[in-house]
Amino acid sequence: MDSTAYLREVMENLDRLRGNRKLSGLKLEKDIDQAKEAVEYSIRYMVRNNIEYAKSLREKSFEILSKVETLKQAPIPKALVDDLKLFLKYCKMSVYEFTDRIRDVRRAYRSYLWGMIIFLLLGGTYRIEFAVSAIVLAFPIILAMGGLRRRRETGLMLAYATMPLPMVIFVMMLTYAFYAFNNPEEISFIASAYGVSTEVAYLLVALVSLGSLVGLILLSYALKKLVENRYAFF
């Protein structure tokens, strides 16, 4: 059997789970529907024949279905509910095991990586408050990068947690750059503080504004794609 045949059996078992009255009180209908949609998408747009993953999903679907159908006691044991939810999660993840949707996750990772590199560079050299923020976030950012690369849910959560502050700081930098460009006195102050000419001061402000804009765009894109592809992480 190839992956498609295994996945079709998974879809059939999901339909049987969807119609089982014993699960009606768990309100998992939406999750089961999403799992089925993911498996159907995997079949339709398959580019990788991941037989091992498909076979494991099939075996797990029969195991869950058998436990549910032979269950006599009520309510359903928590261990079985947790097992079912984990199975549905792996069904949703199937999209990233069989199709090219994994590219979105890789793009999100690269956007996060470069956005944070820009933040650490600018934040560490711009103002003391931002430098402290960069130092405090440096370790969680490194952990998030490692977790995202390995598609771990902890990496995803760390990425979510570390992005808001850099994005706010980028906005603050852009606001300040706009103010400086429109106030020659501020440019003169920057030139005096750094011991450079006015032209160089303008260049510094332009670099800060450009870096902040690029960093903000990269992190915004990373956040959007990580939210959209959150089921890729386990």
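1. Domain bounds here come from an automatic or database domain assignment. That assignment gives domain 1 (3–99) and domain 2 (103–232). The C-alpha centres of domain 1 and domain 2 lie 40 Å apart. Six residues from domain 1 and seven residues from domain 2 take part in the contact, where contact means heavy atoms within 4.5 Å.

2. The model is predicted: local features need pLDDT of at least 70, side-chain atom pairs count only at pLDDT 80 or more, and totals for chains, interfaces and linings use all residues. Residues are numbered from 1 along each chain as its sequence is written, and side-chain values use heavy atoms, with hydrogens and water left out.

3. The largest nonpolar core has 33 residues. Such a core is a set of buried Ala, Val, Leu, Ile, Met, Phe, Trp, Tyr and Cys residues joined through side-chain atoms within 4.5 Å; buried denotes under 20% relative accessible area, exposed over 50%, and partly exposed in between (1.4 Å probe, protein chains only). The residues with the most contacts inside this core are Tyr112, Met116, Phe119, Leu148, Met163, Phe170 and Leu226. At least two residues of the core are supplied by each of helix H5 (95–98), helix H6 (102–125), helix H7 (128–149), H8, helix H9 (164–181) and helix H11 (198–228). Helices (H or I, at least four residues) and strands (E, at least two) are DSSP runs, numbered from the N terminus. H6 gives the most to this core, with nine residues. Domain 1 (3–99) and domain 2 (103–232) each contribute at least three residues to this core.

4. Not counting residues up to four places away in sequence, Phe170 touches Gly115, Ile118, Phe119, Leu122, Gly211, Ser212, Gly215, Leu216 and Leu219.

5. In helix H8 (residues 153–162), the buried residues are Gly155, Leu156, Ala159 and Thr162. They cover an arc of only 135° around the axis, which puts them on the same side of H8; the arc is that of the directions from the helix axis to the C-beta atoms. Exposed residues Thr154 and Ala161 are carried on the face of H8 turned away from its buried side.

6. H8 and H11 pack at an angle of about 145°, with their axes 11 Å apart. Axes are lines fitted to C-alpha atoms, for helices over the stretch in contact, and angles run from 0 to 180 degrees between N-to-C directions. Leu156, Ala159 and Tyr160 of H8 make the contact with Leu223, Leu226 and Val227 of H11.

7. Two backbone values deserve a check. Lys27, in the loop between helix H1 (3–18) and helix H2 (29–44), has a phi near 55°, a positive value in a residue other than glycine. Lys27 is exposed, with a relative accessible area of 71%. Arg151, in the loop between H7 and H8, has a positive phi of about 60° although it is not a glycine. Arg151 is buried, with a relative accessible area of 13%.

8. Glu40 is placed in helix H2 and counts as partly exposed, at 34% relative accessibility. Glu40 and Ser94 are 54 residues apart in sequence and 9.6 Å apart in space, C-alpha to C-alpha.
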